[in-house]
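This briefing is for a reader new to the structure. Look through the sequence and the model first, then read the points below.

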2 protein chains.
Amino acid sequence: MSIIITAFERSPDGGRGLARDTRVRWALEEVGQPYEVRLVSFRAIKEPAHLALHPFGQIPTYEEGDLALFETGAIVFHIAQRHAGLLPVDANARARAITWMFAAVNTIEPPILELGTARLLEGDKPWHNERLPLVEDRVRSRLKQLSARLDDADWLDGAFSAGDLMMVSVLLRLRLSGILDEYPNLAAYLARGEARPAYKRAFAAQLAVNTGKPPTR
Amino acid sequence: MSIIITAFERSPDGGRGLARDTRVRWALEEVGQPYEVRLVSFRAIKEPAHLALHPFGQIPTYEEGDLALFETGAIVFHIAQRHAGLLPVDANARARAITWMFAAVNTIEPPILELGTARLLEGDKPWHNERLPLVEDRVRSRLKQLSARLDDADWLDGAFSAGDLMMVSVLLRLRLSGILDEYPNLAAYLARGEARPAYKRAFAAQLAVNTGKPPTR
């Protein structure tokens with residue numbers, strides 16, 4: 001059964017890999033599953049056909065035979081459940097890796113999303129300059145804790161897992177802010193994630209959509 | 001093997017059920033698993049012994065023999081994986097229920113957290129009154145989509161699942177804002193969640209901690 005995901009025909013980030021289809025592409029590359037991409041426009045994701053697949057009018061979606069999923073974390077988890085390579089076999093280690101998936105999206109990502117919102121949606125508001133440092137500090141307080149836990153390990157809990165895939169993906173959103181550079185072990189963790197061949201293929205594939213050039217692979 | 005969770009000895013909400021141990025208690029009640037609670041103070045959660053269990057210095061944590069987990073969504077998922085009653089047996093239906101767990105914490109909860117942050121941490125800022133409606137509208141845009149998807153169904157996808165448990169728990173945080181009343185089917189969905197015997201037991205148990213009265217059960 002072929003796997004079909006959706007992605008923007010033109011990503012808001014111009015192909016810097018921050019649109020969430022990159023997370024799903026990365027997971028599929030890690031487990032060696034081929035996939036097709038159906039490109040959608042900003043207008044199309046708000047129309048009934050897409051909303052039937054994704055009630056919040058976002059990308060990516062995931063279709064495989066009778067199964068249709070939305071929500072990036074859930075799609076990455078589904079891929080990791082179905083195919084070897086992203087979750088440990090040992091039950092306890094597996095539960096801990098899944099814990100990091102949830103920590104990525106529910107503890108680390110919310111303040112990062114708030115920082116993005118402050119910049120994108122409130123950048124022109126009179127309070128922006130005074131408020132931004134408060135929002136940044138809320139991000140920092142989480143990064144400090146994450147940095148302390150990671151310490152000098154390569155990955156969050158043993159071998160690379162779907163938990164790392166999600167955490168690296170979430171942290172990538174901070175790249176341009178410069179905040180990550182304050183935590184050298186997190187910056188190195190991010191670099192390890194980006195150096196994975198599967199990430200590179202995923203990044204190249206989404207970039208090719210945005211530049212109109214087919215990836216060389 | 002006995003299950004031990006952590007909860008605040010005094011919850012910031014005074015026992016209104018919004019501290020996240022309620023989500024875990026509810027899941028354990030749904031699957032009929034007994035559990036013990038280790039109460040912790042605001043000070044203790046920032047100390048090394050607790051940080052070893054929970055790197056972000058929060059509650060709840062979950063211990064069961066050799067296994068130690070943190071992050072509410074992951075704990076609820078672990079409980080749902082291990083015991084019947086919170087996830088469908090059919091593989092596709094199960095994947096869809098897990099999708100709603102992630103949607104609860106990564107799509108619906110972030111703007112709700114931002115609203116809480118605006119009130120709790122920025123309520124005294126000069127921009128508060130002008131900014132609050134913007135934050136509320138970001139919550140509304142998600143609720144509108146969720147309301148459209150739920151339509152007149154009882155639960156998000158077939159029978160009650162861990163996805164509904166997480167979604168109801170996230171929406172409960174909006175109770176005092178009055179925003180939920182703008183979406184009658186979501187308000188009714190919440191009421192259905194709260195009417196479940198397992199939720200009532202979980203709520204009573206956390207309330208008893210905060211009032212100092214043992215639950216009657």
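Which domains does the domain assignment of chain A give? The assignment gives domain 1 (3–85 + 198–211) and domain 2 (91–196); such bounds come from an automatic or database domain assignment. This is a predicted model, in which local features need pLDDT of at least 70 and side-chain atom pairs count only at pLDDT 80 or more, while totals for chains, interfaces and linings use all residues. Residues are numbered from 1 along each chain as its sequence is written, and chains are lettered from A and ligands numbered from 1 in the order in which they are written.

**Overall build of chain A**

- Chain A has eight helices and four strands; helices (H or I, at least four residues) and strands (E, at least two) are DSSP runs, numbered from the N terminus.
- Starting at the N terminus, the order of elements in chain A is β-α-β-α-β-β-α-α-α-α-α-α.
- Along the principal axes, the C-alpha atoms of chain A fill a box of roughly 50 × 45 × 35 Å.
- A compact globule with 217 residues would have a radius of gyration near 17 Å, and the 17 Å of chain A agrees with that. The radius is taken over C-alpha atoms, and the globule rule is 2.2 Å times the number of residues to the power 0.38.

**The two domains of chain A**

- The centres of domain 1 and domain 2 of chain A, taken over C-alpha atoms, are separated by 21 Å.
- In chain A, 14 residues of domain 1 are in contact with eleven residues of domain 2; two residues are in contact if their C-beta atoms, placed from the backbone, lie within 7 Å.
- On the side of domain 1 of chain A that touches domain 2 of chain A, helix H1 (21–30), H3 and helix H8 (197–211) of chain A each supply at least two residues. H1(A) gives the most to that side, with five residues.
- The residues of that side of domain 1 of chain A divide into eight nonpolar, three polar and three charged. Ala, Val, Leu, Ile, Met, Phe, Trp, Tyr, Cys and Pro count as nonpolar, Asp, Glu, Lys and Arg as charged, and the others, Gly among them, as polar.

**How chains A and B meet**

- The contact between the chains takes 33 residues from chain A and 33 residues from chain B.
- Strand S4 (67–70), helix H3 (72–82), helix H4 (91–122) and helix H5 (128–150) of chain A each supply at least two residues of the side of chain A that touches chain B. H4(A) provides the largest share of that side, 14 residues.
- That side of chain A is made up of 17 nonpolar, eight polar and eight charged residues.
- Chain A is superposed on chain B by a rotation of 180° with 0.0 Å of shift along its axis (RMSD 0.0 Å). The two copies are thus related as by a two-fold rotation axis. Superposition is by least squares on the C-alpha atoms of residues with pLDDT of at least 70 in both copies.
- The copies meet through the same surface, because 100% of the interface residues of chain A are also interface residues in chain B.

**Helix H4 of chain A**

- H4(A) bends by about 55° at A:Glu109, and a proline, A:Pro110, follows within four residues. The bend is the angle between axes fitted to the seven residues ending at a residue and the seven starting there.
- Of the residues of chain A, A:Pro110 comes closest to the rotation axis, at 2.6 Å (C-alpha).

**Local backbone features**

- A cis peptide bond with omega of about 0° joins A:Ile59 and A:Pro60. A:Pro60 lies in the loop between helix H2 (48–53) and strand S3 (61–64) of chain A.
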